[in-house]
Amino acid sequence: QVHLVESGGGLVQPGGSLRLSCAASQSIFSFNVMGWYRQAPGKERELVATSTSFGITNYPDSVKGRFTISRDNAKNMVYLQMNSLKPEDTAVYYCNAQKYVPPVDYWGQGTQVTVSS
């Protein structure tokens, strides 16, 4: 069992930036994929960014070029730098850790990001 704790959310104006952090209770080195997802009211949870243990990153078109995921295996931390924020980025953002063998999937409790003027 690993515990993931997100922080860094808040209220920001359109065009602004935020950096989310995810602290893991144990080494993230063994996880195949670390990622960020978000869920807006009335919508399904969606992928925001993933980073594999080999350093391969993936972003949907909606955030590509604006968001950057990074992981610090030594500190058991995962970050999401969000720039040029838009009102449609408003959501609860969740940290996720996945292993393929055995298959496990862990989630944090989420942190609220609100983009509004």
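**Entry 1: the sheet**

I started with the strands and found an open sheet of 4, ordered E1-E3-E8-E7, with antiparallel pairing. E1 and E7 (67-72) stand at the edges with a single partner strand each, so one side of each has no neighbour in the sheet. Neighbouring strands here are turned by 15° against each other on average, direction ignored. For such angles, axes are lines fitted to C-alpha atoms, for helices over the stretch in contact, and the range is 0 to 180 degrees between N-to-C directions.

I noted the ground rules next. The model is predicted: local features need pLDDT of at least 70, side-chain atom pairs count only at pLDDT 80 or more, and totals for chains, interfaces and linings use all residues. Residues are numbered from 1 along each chain as its sequence is written, and side-chain values use heavy atoms, leaving out hydrogens and water.

Strands (E, at least two residues) and helices (H or I, at least four) are DSSP runs numbered from the N terminus. Two strands pair if DSSP finds at least two bridges between them.

**Entry 2: pairings**

I went through the sheet pair by pair. E1 (residues 4-7) is joined to E3 by 4 bridges, and Leu4 stands opposite Ala24 in E3. E3 and E8 (residues 77-82) share 6 bridges and run antiparallel. Cys22 has Val78 of E8 as its bridge partner. Between E7 and E8 I also found 6 bridges, again antiparallel. There, Ile69 stands opposite Leu80.

I then checked the cover on E3 (residues 18-24): 5 of its 7 residues are buried. Buried means under 20% relative accessible area, exposed over 50%, and partly exposed in between (1.4 Å probe, protein chains only).

**Entry 3: the disulfide**

How many disulfides does a search of the whole structure find? It finds 1. The cut-off is a pair of cysteine sulfur atoms within 2.5 Å. Cys22 is joined to Cys95, S to S 2.1 Å. The link is left-handed, with -80° about the S-S bond. Cys22 lies in E3 and Cys95 in E9 (residues 91-99), so the pair ties together parts 73 residues apart in sequence. Both cysteines, Cys22 and Cys95, are buried.

**Entry 4: the core**

I looked up the largest nonpolar core, which has 29 residues. Such a core is a set of buried Ala, Val, Leu, Ile, Met, Phe, Trp, Tyr and Cys residues joined through side-chain atoms within 4.5 Å. Leu4, Trp36, Leu80, Met82 and Tyr93 touch the most other members. Elements giving two or more residues to this core include E3, E4 (33-39), E5 (46-52) and E11 (111-115).

I listed contacts for Met82 (heavy atoms within 4.5 Å). Leaving out residues up to four places away in sequence, Met82 touches Gly16, Ser17, Leu18, Leu20, Arg66, Phe67, Tyr93 and Val113.

**Entry 5: salt bridges**

I counted 4 salt bridges. The rule is a side-chain nitrogen of Lys or Arg within 4 Å of a carboxyl oxygen of Asp or Glu.

- Glu46 and Arg38 meet at 2.6 Å, N to O. Glu46 is partly exposed at 36% relative accessible area, whereas Arg38 is buried at 6%.
- Lys64 and Asp61 meet at 3.4 Å, N to O. Asp61 is exposed, at 67%.
- Asp89 and Arg66 meet at 2.8 Å, N to O. Asp89 lies in the loop between E8 and E9, and Arg66 in the loop between E6 (57-58) and E7, so the pair ties together parts 23 residues apart in sequence. Both Asp89 and Arg66 are buried.

Last, I traced shared partners: salt bridges join Arg38, Glu46, Arg66 and Asp89 into one network.
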